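Dear colleague,

I am passing on a structure that I would like you to look through before we next talk. Please open it first, and then read the notes below beside it.

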Amino acid sequence: MEQVLASLYPWLKAGHVIFVIFWMAGLFMLPRYLVYHQESEPGSAEEARWVDREAKLRKIILTPSLIAVWVFGLLLASTIGAFAQGWFHAKLLLVVALSGYHGWLTGYAKKLARGERKLSGKALRLLNEVPGLVAVVVVILVIVKPF
């Protein structure tokens, strides 16, 4: 199995990077959608459009990309022996946290769809910065491998 994975390494890496891009794009879009949704008139046609857009973004981009990122990432990690490296442990912790953030966003979108508006637009705008900050640290960990 190790030899097969080693021969597929460039393809695994390409798949991982492609789906990280898709996932991150979705993680940047969904909080922005939530801001617009939250600021729409409750019960309006505009609100219904945001509910539909959010659901499509989750089902078409976010969830499939999350799954692909994890599959390709774990295969890559096992191929290069990353599980024994400190930088990978830090990256894995951040990816787990970002996956939790993804889940929290999904849950909040569903609450908004039910009419529960617990956060302000400002709070959602601030939350929109989370994926960018995590991406900066993850890229540094992967490229620089500081430990």
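A residue is called buried when its relative accessible area is under 20%, exposed when it is over 50%, and partly exposed in between, with a 1.4 Å probe and only protein chains considered. By that rule, buried residues make up 35% of the 147 residues in the chain.

Please keep in mind that this is a predicted model, in which local features need pLDDT of at least 70 and side-chain atom pairs count only at pLDDT 80 or more, while totals for chains, interfaces and linings use all residues. Residues are numbered from 1 along each chain as its sequence is written, and side-chain values use heavy atoms, with hydrogens and water left out.

The chain has six helices and zero strands, where helices (H or I, at least four residues) and strands (E, at least two) are DSSP runs numbered from the N terminus. Its C-alpha trace spans about 55 × 30 × 15 Å along the principal axes. Of the contacts (heavy atoms within 4.5 Å) with a separation of 6 or more, 80% join residues 24 or more positions apart.

Serine 40 counts as buried because its relative accessibility is 3%. A polar atom of its side chain lies 2.6 Å from the backbone oxygen of histidine 37. Leaving aside residues up to four places away in sequence, serine 40 touches Glu46, Glu47, Trp50 and Arg117.

Notes. Polar contact = N/O pair within 3.5 Å; in protein donor to acceptor, adjacent residues only side chain to side chain.
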